[in-house]
Structures are given as C-alpha cells and as structure tokens.
Amino acid sequence: MGFKGTLRPGLVQLRVLDLDKTLDFYKNVLGLNEVGRTSDGRVLLKAYDEFDHHSLTLRKADEAGLDYVAFKAACPDTLEKIKEKVVAFGYSVTEKAANSDQPGFGKRYSFKICTGHTFEVYADVELAAKGPQIKNPDIWSEQPRGMKAQRLDHFLLYGPNIAEAERFCREVFGMYVPEVVNTEDGKRFATWITGSNKPHDLAFVEYAQPNKIHHVGFYLQDWSEVGNAADLIAINHLKLDIGPTRHAITRGLSIYFWEPSGNRIEVYAGGYTAYPDNPQRVWDVSEVGRGLFYYSGQVIPSFLEVVT
Amino acid sequence: METVFHNVTVAETGERFLCGEGESVLAAMFRAGRGPITYGCCGGGCGACRMKIVSGNYVPFKKMSRAHVSERDIQDGIVLLCCVQPRGDLTIRAV
Ligand code: FES
Ligand SMILES: [Fe+2]
C-alpha cells in the first residue's frame, strides 16, 4: 500500500438550514446520490464514483456550517497508532462506536484540534450498495446527473494557530505540505496539506474566529465539466462566488458558489500530482491574488473574508 | 399580479432604493448599486449581510442562521438582508 497514514478525507457532516431545498441541490444539481436517512432525520449521500458507504451527511440545524470531517486511516492498526499520537499531541479523544451515528462506518475516534474544528479518524467502512463497477467496469452504472461530482476532494478550514494544525497533520496523520503562503514576517497565512498524491486533502487559512469552514470541494472530470457546473449555477440561480478560474496554488481548475443553506462549495478538476519528496512551493502573501486566481491576479473580498 | 415596491432608506447616508415584495432587500440593494452592499452566500448562512431594520414591516422568507441572528437580535430588528422581503417602506442601518 502506498499511503501509510490517512488515505483521504472520507466523510463530512454539514449543517443546513433548509433540508429539502439544500438536499435537492446536492442530489439534482451537484449530482450526489442519496444513500439513506438516520432516525434523527439526517441524510446520507455519496458521489457516483465513490466506493465507500457515504461521504456527506446533512444535518438540519439552526445554523449552517461544519459539524466535523473524518479521515480514513490506512488500516485498523494505523488507526490505533494515530489515536495514540493524537493523545500524545495533547488533544483528548472520544470513541464513537461502530454503526452508531454514521451507518456503515466502523469505530471512529473524535477530537478537537487547535483551530476549533472537530476531526475524526476511522479505518473501516462498508462498501456502498451502488459503487463503481469492478469487473470489466464501465465508467458508470447510472448516468451521472447535474455537475456530475465524482467524489469528495478536500476542504478549506479557517481558524487560529494553523501552524500547529499543520504540524498536527504531519506528525499525527503522516501527511505532508506541498504548498504554503507566508506573511511578511514569515508566519503561516495559509497551508495546503495532503496524505496522498492529491495537492491537498485539506487546507487552512489563519483566522481569529475558531471552527469556520470556507468551502468543501468536490472533484469533476475536467475543465469542460467546470464549464457545465457554471451553466448549472446560472440555470439554478445559485449564488456564484468566483470562477470558472485557475488556481496557481494546486493548479486546480475551479468554480466557487454557495448552496442554498449558505455553505460554500467548490467544484474542482485537475491539480498537479504531489509527492512527499518534492520541494515545497512557497508564496508570499503579497502574491496571494495570483496564487488563488491566476487569470485575474485578484482576490474578491467575499472570497477571503466570508466564511460559514 | 402587479409587483408592489417599497422604498428602502439607508439611515447613515440617506440613500434610497426600491425593493419589490417578492425579492430580498439584499437583491434590491445589489440591483440598485446603492447602500452598504456586503454579502456572501445570499442563503442566510454566512452572516455577511447582517443589518438592522430600524423601521418598517418586513417578512423573513428564508431561515437565518442562529450563529449570526439570535432571538434577541430578531426582537431588535437585526436581520440578514438576503432573507427578508419588505411589506412597507423600510429604514436600515449597519450594526
Ligand atoms: S449573504 Fe450570507 S447570510 Fe446573507
Ligand atoms: Fe478548494
């Protein structure tokens, strides 16, 4: 096996204000499939090209935002080692029993990191009833809908002390850091972190308020699918934030918009192939406009300042 | 049915724009290009469009995130402009 710590972010639980309207967006516009519901009314969803039971849970709540993100560990043994390292790092861990509040998922360890976000790790998850084919496989079983999101890709989190969060991801999850933005006095302004070949599994921006989410990113096949997503944003009167554009950081092809409950979503294609032995790419904060939006070289205020 | 429009006045500057009963105050402000236009999600989640309605009748037509508007705020006329529609002339100000 190639990856030794965490394999990927495998599950996100989001809070939504209007469940019916927002679910309609995730299913019919983003193109996710509904897998099931829990007795407390949460909805479980997955993208068509994902193998695992589900990757997104929507919970109706009074406020929008992120409940937690969960990372899949390479194996049960790795999971236990990660748990010990979390404790040694100084965060207290709670255990969530298998098949408790996330159907199909094995035991999860849950803890809060310095930025105020709740992270989880698990090693076991059932395969979805309707996953990608594996025997002489076709490219899909049911024609993908809407934006045709293939899988959950990454997320960007805002909170305090991202230097510690970055160190946590390296030391405890075994991740590495392909790309960073530093302030003039050499402090971290933003960091892109991965445990795989993707340029990022997650990213952080330094921010005074804890536990904020900037966006959740879903993967599309290519640049023409980003254009298709732009059409669907317009047709469905969703609020565009920025794009279609190119990131110089990660090299992703991207568009950002808001789902009906006010969580920002990115649909993303491309990106470079990262390797842990490659030199780190470093940006000055004065160049962050070009780093984020390569074509215009400018950041629109809502992009950096508005989070949920 | 004909659209009923109301006047919305920005207290600080005296700027004024028209807002239909079927649209959010934020959308009208945006269209008019007047007033302190700050916004993000237009969905009641991010809180960027939070303002106080000093006078006038309005209805919330979308849920506003509790993280940005508390029970107390609602009594004080503090709203997310992307979630309210006018039912009379309004005066708004920053909070
Ligand atoms: S613009 Fe986000 S709450 Fe109104
Ligand atoms: Fe992203």
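A:Pro244 sits in strand E14 (residues 239-246) of chain A; helices (H or I, at least four residues) and strands (E, at least two) are DSSP runs, numbered from the N terminus. A cis peptide bond, with omega of about 0 degrees, links A:Gly243 to A:Pro244. Keep in mind that this is a predicted model, in which local features need pLDDT of at least 70, side-chain atom pairs count only at pLDDT 80 or more, and totals for chains, interfaces and linings use all residues. Residues are numbered from 1 along each chain as its sequence is written, chains are lettered from A and ligands numbered from 1 in the order in which they are written, and side-chain values use heavy atoms, with hydrogens and water left out.

- Next, look at A:Arg251, which is found in the loop between E14 and strand E15 (252-258) of chain A.
- A:Arg251 is not a glycine, yet its phi is positive, at about 70 degrees.

**The iron site**

- Three protein donors hold positions 1.9 to 2.1 Å from the iron ion (ligand 2): A:His154 (NE2), A:His215 (NE2) and A:Glu266 (OE).
- Donors here are N, O and S atoms within 2.8 Å of the metal (3.2 Å for Na, K and Ca); water is not among the atoms, so sites may look incomplete.
- Along the sequence, the spacing of the donor residues reads H-x60-H-x50-E.
- A:His154 belongs to strand E9 (residues 151-159) of chain A and A:His215 to strand E13 (residues 212-219) of chain A, so this pair ties together parts that are 61 residues apart in sequence.

**Two domains in chain A**

- Chain A is assigned domain 1 (6-122) and domain 2 (151-305), with bounds that come from an automatic or database domain assignment.
- Taken over C-alpha atoms, the centres of domain 1 and domain 2 of chain A are 20 Å apart.
- Contact (heavy atoms within 4.5 Å) involves 41 residues of domain 1 of chain A and 40 residues of domain 2 of chain A.
- The two domains of chain A bury about 3200 Å² between them, with 72% given by carbon and sulfur atoms; buried area is the accessible area (1.4 Å probe) that two parts lose on being put together, summed over both.
- A:Pro9, A:Phe89 and A:Thr115 supply 18% of the area that domain 1 of chain A buries against domain 2 of chain A, more than any other three residues.
- Between these domains of chain A there are 0 salt bridges, a salt bridge being a side-chain nitrogen of Lys or Arg within 4 Å of a carboxyl oxygen of Asp or Glu.

**Where chain A meets chain B**

- Here 16 residues of chain A are in contact with 15 residues of chain B.
- The area buried between chain A and chain B is about 1200 Å², 60% of it on carbon and sulfur atoms.
- On the chain A side, A:Leu17, A:Asp62 and A:Lys239 lose the most area to chain B, together making up 41% of what that side buries.
- The interface of chain A and chain B has 1 salt bridge.
- A:Asp62 forms a salt bridge with B:Lys63, with the closest N and O atoms 3.9 Å apart.
- The side of chain A that touches chain B divides into 7 nonpolar, 4 polar and 5 charged residues; Ala, Val, Leu, Ile, Met, Phe, Trp, Tyr, Cys and Pro count as nonpolar, Asp, Glu, Lys and Arg as charged, and the others, Gly among them, as polar.
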